[in-house]
Amino acid sequence: QTLTSFGGVIALLASAGASAQLVFGCSDDVALDAAALLRRALLRLAPDGQARGGGSPRLAQGGGFWADADQLHAALQALITEETKP
């Protein structure tokens with residue numbers, strides 16, 4: 001929440017392991033839906049539906065699936081690439 005209190009901030013945080021966690025947030029002045037982005041990330045990382053999460057357009061969190069750092073990095077990079085396509 002502290003990060004997103006500043007203008008122009010998008011924060012994509014992840015922790016790897018047996019119960020991987022994601023926290024996505026963005027400032028009020030950023031045209032991004034953190035909850036929608038989280039849903040896309042969870043579908044990519046845990047297609048079997050074992051992940052849980054939710055939130056608001058400004059702050060969302062979820063997890064509960066196994067992922068290593070490389071998997072998380074690849075999934076987040078793919079989301080960034082999709083979001084920044086013209």
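Predicted model: local features only at pLDDT ≥ 70, side-chain atom pairs only at ≥ 80, totals over all residues.
Colleague: Which side chains meet in a salt bridge with Glu 82?

Modeller: Side chains of opposite charge can pair when their charged atoms come close. A salt bridge is defined as a side-chain nitrogen of Lys or Arg within 4 Å of a carboxyl oxygen of Asp or Glu. Here Glu 82 meets Arg 40, at 2.8 Å from N to O. The two lie 42 residues apart, Glu 82 in helix α2 (residues 69-84) and Arg 40 in helix α1; helices (H or I, at least four residues) and strands (E, at least two) are DSSP runs, numbered from the N terminus.

Colleague: With which other residue does Arg 40 form a salt bridge?

Modeller: Arg 40 also pairs with Glu 83, the closest N and O atoms being 2.6 Å apart. Arg 40 is in helix α1 and Glu 83 in helix α2, so this pair ties together parts 43 residues apart in sequence. Arg 40, Arg 44, Glu 82 and Glu 83 are linked in a network of salt bridges.

Colleague: Is Asp 28 buried or exposed?

Modeller: Buried means under 20% relative accessible area, exposed over 50%, and partly exposed in between (1.4 Å probe, protein chains only). Asp 28 counts as exposed, at 70%. Its salt-bridge partner is Arg 58, at 3.8 Å from N to O, and Arg 58 is partly exposed, at 26%.

Technical notes:
Residues numbered from 1 in each chain as written. Heavy atoms only, no water.
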